Structure formats: C-alpha cells, structure tokens
Amino acid sequence: MAEPELVDVVVVGLGVGGEEVAGKLAEAGLTVVGVERDLVGGECPYWGCIPSKMMIRAANALAEARRVDGLAGTVQVSPDWAPVARRIREEATDDWDDRAAVDRFVGKGGRFVRGAGRLDGPGRVRVGDRVFQARHGIVLGTGTRPSIPPLEGLAETPYWTNHQAIEVEELPTELVVLGGGAIGLELAQVFARFGVRVTVLEASDRVLAVEEPEASAVVADALRADGVEIETGVRAERVDHDGSRFTVYAQDGRRFTGERLLVVTGRRAHLDELGLDTVGVTADQRYLPVDDRMHVTDGIWAVGDLTGEGAFTHIAMYQAAIVVADVLDHARRAEAGPDASGTSSVVGGAVGAVSAVGGAVGGAAAGTVPRADYRALPRVTFTDPEVGATGITERQARERGVNVQVGVGRLESSTRGWIHRGDGLIKLVADADQGVLVGATSVGPAGGEVLSGLVVAIHAAVPISQLRHMIYAYPTFHRAIEDALRDLR
Ligand SMILES: Cc1cc2nc3c(=O)[nH]c(=O)nc-3n(C[C@H](O)[C@H](O)[C@H](O)COP(=O)(O)OP(=O)(O)OC[C@H]3O[C@@H](n4cnc5c(N)ncnc54)[C@H](O)[C@@H]3O)c2cc1C
C-alpha cells in the first residue's frame with residue numbers, strides 16, 4: 001500500500017462549493033489537495049446555471065422580439081440555435097475544458113489531483129493508488145447527479161439528462177420533458193421558444209409543485225402561451241424507444257411520444273461512493289446531514305448540494321465561506337494547543353485569513369465562526385415570468401402551526417405591471433403572532449430581482465408595521481409588495 005502523503009486539508013469534489021473552499025484554504029497558506037474526477041467548477045458552469053441562463057437569455061430575446069407586435073410595430077423573428085450552442089461551447093464552457101479552473105486553483109497554491117476520491121479511514125482520502133492523510137480536515141463537496149426514476153425500459157433508451165440538453169447543437173423537432181420542476185420548466189420554455197414542440201409530464205397536480213400554487217398557475221399559463229403542452233398527474237411507468245421516437249406510458253393508459261426525452265426528475269447525492277462507513281458515518285440517507293457549521297463528523301465537513309440544504313450555487317458559496325472560516329479556526333486551535341487565545345500566529349498565515357473570511361460571512365472574529373441560517377433562503381426559477389421565492393410557503397407555515405396571514409398583490413394591478421402588460425404577483429406569508437413575514441413569492445418579469453427586498457425583510461425579521469410604512473418607488477414592479485401587505489389577513 002502506498003505511503004500516505006501528509007497534507008493539511010483534502011477537498012473531494014471541486015464543484016462550486018469545493019472549489020471555493022479549496023482555493024480559499026490554499027490562499028490562506030494551508031497545504032490543500034483538491035480532488036476532482038470530472039471538471040473543476042462542477043455542474044453550474046458546464047451543465048447548469050451558466051449555460052442554461054445563456055439559453056434563457058437567448059430565448060427571452062426571441063420572446064421580447066415577438067412582443068414588438070402591438071407595442072412598437074412589427075418584427076419578423078427567425079430563431080437560430082447555432083449562436084446559442086456556440087456561445088455555450090466557447091464562452092461558458094471552453095468546450096467543456098477545465099484547464100483555466102485547474103490553473104486558477106494551482107495559482108492559489110493548491111495541489112490538484114484528477115480522480116475519484118473516497119474516504120479511507122479517519123483523516124484519509126484515497127484517490128486510485130494514492131492516499132492522503134489530512135492533518136486538519138477533509139471537506140466533501142461531491143454534489144449530486146440526476147436522479148433517474150426506475151421506469152421499465154428507461155435505462156435502455158438514449159434519454160437526455162441536463163447534460164445532453166445543454167450540449168445540444170441541433171434541436172429536435174419534439175421534446176418530452178419528464179419532470180415539471182424548475183430545471184424542466186426553464187428548459188421546456190427555452191426549447192419551445194426556439195420552435196421545438198415540447199410536452200411537460202408532471203406527476204403531481206401542478207408544475208413547480210414546491211412553490212406556491214399561485215406561482216405554478218402563472219408559470220403554467222405562460223408556458224402554454226409559448227406552445228408547451230403541460231400534462232399533470234402523469235404517473236409514468238414505462239418508456240420505450242423504437243430507434244427514432246420515445247413513447248412514455250402512464251399508469252392511467254395515456255401515452256406521450258416525442259423525438260427526444262429529457263429526464264429532469266430531481267437530483268441525488270451518491271453517498272455510497274464516498275467511503276463514509278470507514279469513518280463511522282451511516283450512508284443510507286438521501287443527503288449527508290451536517291450541523292450549522294457543515295460538520296459531518298470529527299474532522300469532516302461537507303458543502304453544497306450534498307448537504308441537502310438547497311441545491312443552489314448560492315447555498316454552496318454561502319456554506320463554503322462558513323467551512324473555510326471553521327476549518328481555519330480548527331487549524332489555528334490545533335496548532336496553538338488547548339489554550340489558543342485567538343491571536344497566536346500559526347499555520348502559515350491562517351489566522352489573518354480567519355478574520356478576513358469570517359468577515360465575509362457575518363463579521364466573525366477568530367474563534368467565532370458564523371452558523372448557517374437558511375430562514376430566508378432565496379430561490380429563483382428563471383422562466384419568463386420568473387418565480388422568486390424565499391422562506392416558507394403558506395402550506396409549510398400552516399403545517400408548522402404558524403398563525404398564518406396571507407396577502408397577494410397582482411402585478412397587473414400595479415402601474416408598472418399594467419404598462420408592461422406583464423403577468424405576475426407578490427404573495428406574502430406572515431406570522432401574525434410575531435408580526436413578521438416568514439415567506440414571500442414574487443412572480444413577474446423581474447421576479448428574481450424583486451425578491452431581494454423580501455429576502456432582507458425575512459432575514460432581518462423586519463416588522464410588518466415597518467414594511468407598511470416604507471416608500472416603494474413608483475412605478476416599479478415591487479410596488480405590488482404594498483398591495484400584498486395591505487391584503488394580509
Ligand atoms: C440545469 C441546471 C440549472 C441550474 N441552475 C441554477 C441556477 O440558476 N442557480 C443556482 O443557484 N443553481 C442552479 N443549479 C444548481 C447548481 O448547479 C448546483 O447547486 C451547484 O452546482 C452545486 O455545487 P456543488 O459544489 O455542491 O456540486 P457540483 O457542482 O455538482 O460539483 C460536485 C463536483 O464533485 C465531483 N465529484 C463527485 N464525486 C467525486 C469524487 N468521489 N471524487 C472527486 N470528485 C467528485 C463532480 O465531478 C463535480 O464536479 C442548476 C443545476 C442544473 C442541473
């Protein structure tokens with residue numbers, strides 16, 4: 001067996017979260033090995049947020065051009081996928097090449113190892129024949145992969161996941177999308193706007209089922225207006241592919257056919273691949289449970305989608321800042337011994353970095369690492385109109401026994417919404433006993449941007465009485481917040 005190589009920290013998985021942690025720890029002067037089996041940067045830059053938002057930007061430009069009719073004259077629109085595919089290949093993904101990201105990490109002082117990492121007992125990570133012994137800790141940032149439902153026949157077909165949908169150079173004429181969640185709807189709308197006949201199949205009784213029903217209704221109407229067929233209550237049970245076309249068979253006898261099938265039915269962490277049993281952690285959960293400083297167990301942290309706290313890049317980045325501060329705090333204490341005062345100079349400049357990094361996540365000084373707080377977790381579905389949401393939904397609030405008040409403001413009845421001819425709404429969920437908001441949804445042309453004020457309101461527990469006595473700029477989309485506040489009952 002290979003002699004273990006002694007390092008300070010090993011980071012397994014250099015996606016959004018892992019890359020951030022590894023780079024910051026290396027910059028702080030620790031010896032950091034970063035292990036990545038695929039592309040440094042992970043899902044977001046290569047098959048997720050960035051290329052999908054480039055697609056959305058292009059599709060929205062088409063939609064906006066089509067709105068010229070009746071507003072400002074006439075425009076003839078001829079969609080062409082080639083510039084979109086080219087932009088994704090050249091600008092977003094560098095043809096799915098991570099050389100620049102690897103160089104960036106190495107430039108910060110990190111040691112890069114390509115391969116699949118696996119825990120190999122306390123403090124140890126194995127990558128192929130190499131074993132690394134980490135003095136200060138191991139950080140797992142291995143993310144998730146598409147969760148493929150066990151439908152009869154599906155595995156034998158050439159179905160798409162988000163990877164093929166993002167890499168596509170030539171659009172199909174028809175696409176069946178299995179899954180009406182955020183990713184499925186975003187991609188469905190993009191492809192429909194480029195002329196693909198799209199059918200979305202959703203098992204529950206509405207699309208975007210994790211968000212407020214009012215948001216689902218607006219988005220479903222918008223997609224239908226783009227020509228997307230939406231079928232809800234579809235329990236798919238079998239799939240076949242005859243060499244050129246897919247057929248999805250539902251339990252109730254319905255059949256849906258199309259040239260391509262995109263499966264976007266959620267994502268799942270693969271805990272069984274991580275060797276968690278070698279450190280005494282049970283790996284039979286869907287995600288890896290962590291505390292509010294991302295500890296899994298002694299000397300092991302996790303970051304990003306793997307933790308199940310929200311599959312968003314901003315969660316991975318938020319958690320990464322806490323992990324960096326906490327690992328550096330642990331390293332400092334370990335080096336300084338049991339009487340660490342918080343001021344001794346150790347671990348190659350790590351002390352300075354503790355306070356610098358701590359500041360980024362809430363002004364922590366050495367030894368006072370901030371704790372994660374997800375109360376105002378924001379999320380945006382980038383359909384047109386966008387759905388921004390934060391905190392909990394009305395249903396979640398009722399299930400938790402909150403004394404709920406709900407208020408809705410329609411965008412169409414605000415001046416800006418009427419001028420814009422935009423559909424949307426603000427929905428607020430309040431805790432009447434505390435006099436604060438606990439959830440908010442903003443649907444509209446800039447729903448994701450309007451959200452930010454509502455995130456502040458929930459995060460800082462701003463009293464509703466104060467929100468009612470603020471000045472909201474006229475005529476903005478966010479003035480519908482005033483209507484929703486007035487409607488709270
Ligand atoms: C189509 C799509 C659109 C999205 N849009 C948005 C959006 O608009 N906004 C948003 O906030 N989020 C969006 N997301 C989610 C976002 O991409 C993820 O939340 C983010 O990538 C999570 O980062 P991560 O570091 O946890 O994991 P990942 O990015 O998944 O990275 C994990 C890395 O670990 C590597 N790895 C796994 N196992 C091992 C191992 N054993 N050894 C070594 N390496 C390993 C993987 O190869 C991967 O590179 C989108 C996702 C998809 C699929």
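These legends go with a handful of close-ups of one predicted model. Residues are numbered from 1 along each chain as its sequence is written, and side-chain values use heavy atoms, with hydrogens and water left out. Because this is a predicted model, local features need pLDDT of at least 70 and side-chain atom pairs count only at pLDDT 80 or more, while totals for chains, interfaces and linings use all residues.

**View 1. The shell around the ligand.** Here 35 residues surround the ligand, and the closest are Glu36, Lys53, Gly117, Asp305 and Thr313. Sorted by type, the shell has 12 nonpolar, 16 polar and seven charged residues (Ala, Val, Leu, Ile, Met, Phe, Trp, Tyr, Cys and Pro are nonpolar; Asp, Glu, Lys and Arg are charged; the others, Gly among them, are polar).

View 2. A polar contact is a pair of N or O atoms within 3.5 Å. The side chain of Lys53 puts an N or O atom 2.8 Å from a ligand oxygen. Glu43 uses a backbone N or O atom instead, 2.9 Å from an oxygen atom of the ligand. For Arg37, a backbone N or O atom sits 3.2 Å from a ligand nitrogen. On its own the ligand has 1000 Å² of accessible area, and the protein covers 93% of that (Shrake-Rupley method, 1.4 Å probe). Two or more shell residues come from each of helix H1 (16-27), strand E2 (32-36), helix H2 (43-47), helix H3 (49-66) and helix H9 (313-336). Helices (H or I, at least four residues) and strands (E, at least two) are DSSP runs, numbered from the N terminus.

**View 3. Helix H1 against helix H9.** These two pack at about 30°, with axes 8 Å apart (axes are lines fitted to C-alpha atoms over the stretch in contact, and angles run from 0 to 180 degrees between N-to-C directions). That makes H1 roughly parallel to H9, a label for angles under 35 degrees; over 145 is roughly antiparallel, 65 to 115 roughly perpendicular, and the rest oblique. The H1 and H9 crossing is right-handed, meaning the near helix is turned clockwise from the far one by less than a right angle.

**View 4. Helix H3 against helix H7.** H3 meets H7 (residues 182-193) at about 50°, their axes 9 Å apart. That makes H3 oblique to H7.

View 5. The Asp384 to Pro385 peptide bond is cis, with omega near 5°; Pro385 lies in the loop between strands E18 (378-381) and E19 (386-391). Leu208 has a positive phi of about 50° although it is not a glycine.

Terms used:
Near = heavy atom within 4 Å. Polar contact = N/O pair within 3.5 Å; in protein donor to acceptor, adjacent residues only side chain to side chain.
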